[in-house]
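Q: I would like to learn how to read a ligand site and the pockets in a model. Could you walk me through it?

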Amino acid sequence: MLDRLDSLLEKAKGALEDSRDLAGLDEWRVKYLGKKSELTDIFQAIGKLPGDKRPLAGKRANEVRSALESAYGERVEALKTLQRDAILQERVDVTLPGRPIDAGRLHISTQTLRTIYDIFAKMGFQVFEAPEVETELNNFELLNMPAGHPARDMWDTFYTTREGVLLRTHTSPGQIRAMRQFCPNPIRVILPGKCYRYEQVSSRSDFMFYQVEGLAVGRRITLADLKGTMIEFGRQMFGADRKVRFRCSYFPFTEPSVEVDIDCILCGGKGCSVCKQTGWLEILGAGMVHPVVLENGGYDPREFSGYAFGMGPERIAMLRHRIDDIRYFFGNDLRFLSQF
Ligand code: PHE
């Protein structure tokens with residue numbers, strides 16, 4: 001019996017060496033380790049041996065079985081490695097460059113916003129967030145535009161089905177929120193965020209866009225402070241030797257009101273198609289906070305004064321990068337977005 005086991009081990013190992021693929025190995029397993037294998041026969045024969053011969057033969061048979069099982073396992077692994085190597089050599093050109101992975105990037109509006117934050121942070125302004133869904137009260141009424149005020153026509157508005165609730169048409173209602181939160185302390189904040197207007201969409205106006213509002217409130221703040229701040233901003237944003245010009249304008253919530261221009265970054269003021277031959281580009285609206293608005297924010301206008309300004313980062317990015325259509329910003333076309 002022991003001889004039979006030894007020669008079985010020899011034979012099986014030899015056959016294992018000869019199997020060249022996984023299918024051959026499987027045949028081998030059925031033949032040498034399967035239910036109908038010689039080994040199974042031997043185990044059955046051992047059962048019929050006289051009692052004193054059984055233990056030795058049984059032990060040897062178990063050894064042979066585990067030797068065959070581990071030899072089989074090793075062979076499977078070896079063959080798999082061989083196959084993998086063969087595939088790698090034949091099919092994969094390891095010198096081929098990989099496919100580039102598209103990296104995400106910041107949206108051009110976000111980049112512009114961050115530049116604006118940096119400039120104002122250096123001048124001591126902190127960011128104050130206010131909601132996009134606003135009350136008619138904050139968006140108009142408390143900004144000195146009671147119901148029926150003709151100036152409301154300056155902002156075409158998306159109203160909600162809820163009475164008195166709308167999508168803010170500018171970031172100015174955030175002025176009321178900031179004042180009510182900080183009163184009676186001085187304020188120096190910028191308020192960035194999305195605004196919505198019920199507009200005919202065109203190359204110059206979209207129904208959604210960003211604005212950055214600025215607000216400073218304190219004692220003895222004057223128009224000179226506003227001018228200095230705007231000149232500094234204009235130069236940091238558009239170049240150190242920019243000229244900055246102030247024109248009279250009108251907003252119900254500021255008095256006096258101004259619009260701020262820079263000399264054309266393309267022609268330097270000589271006149272070209274970008275500045276429509278005027279030599280100037282408008283960058284924002286601003287003014288001294290109206291006494292009524294200060295009062296609505298909780299400040300006594302006899303003691304406090306302030307200035308406010310509002311700008312559109314998309315418009316600023318359009319000027320800086322010479323983008324001729326605002327619809328590109330939220331048109332989700334990667335050919336446009338990936339240029340920045
Ligand atoms: N809210 C104004 C607008 O949307 C801009 C502005 C802000 C003007 C603050 C003056 C002061 O047009």
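A: Gladly! Let us start with a polar contact, which is a pair of N or O atoms within 3.5 Å. Here a polar side-chain atom of Trp155 lies 3.4 Å from an oxygen atom of the ligand. Arg197 also has a polar side-chain atom, 3.1 Å from a ligand oxygen, and a side-chain N or O atom of Gln211 is 3.0 Å from an oxygen atom of the ligand. A word on the source: this is a predicted model, in which local features need pLDDT of at least 70 and side-chain atom pairs count only at pLDDT 80 or more, while totals for chains, interfaces and linings use all residues. Residues are numbered from 1 along each chain as its sequence is written, and side-chain values use heavy atoms, with hydrogens and water left out.

Q: Which residues of the shell are closest to the ligand?

A: A residue is near a molecule if one of its heavy atoms lies within 4 Å of it. The ligand is surrounded by 15 residues, and the closest are His170, Ser172, Arg197, Gln211 and Glu213. Strands here are DSSP runs (E, at least two residues), and helices are runs of H or I with at least four, numbered from the N terminus. Strand 9 (305-311) gives the largest share of the shell, three residues.

Q: What is the make-up of the shell by class?

A: Ala, Val, Leu, Ile, Met, Phe, Trp, Tyr, Cys and Pro count as nonpolar, Asp, Glu, Lys and Arg as charged, and the others, Gly among them, as polar. The shell has six nonpolar, seven polar and two charged residues.

Q: How is a pocket found, and what is the volume of the largest one?

A: Rolling a probe the size of a water molecule over the atoms shows where empty space is left. On a 1 Å grid over the protein atoms alone, with a 1.4 Å probe, a pocket is an open set of points with protein on both sides within 12 Å along at least five of seven lines; lining residues have an atom within 4 Å of a point. The largest pocket has a volume of about 830 Å³. Of its 33 lining residues, Arg197, Gln211, Glu282, Gly312 and Arg315 are closest to the centre. Strand 8 gives the largest share of this lining, six residues.

Q: What is the volume of the second largest pocket?

A: The second largest pocket has a volume of about 390 Å³. Its lining has 19 residues, with Arg204, Val274, Leu281, Arg315 and Leu319 nearest its centre.

Methods. Polar contact = N/O pair within 3.5 Å; in protein donor to acceptor, adjacent residues only side chain to side chain. Points joined across faces, edges and corners; volume = space filled by probe spheres on them.
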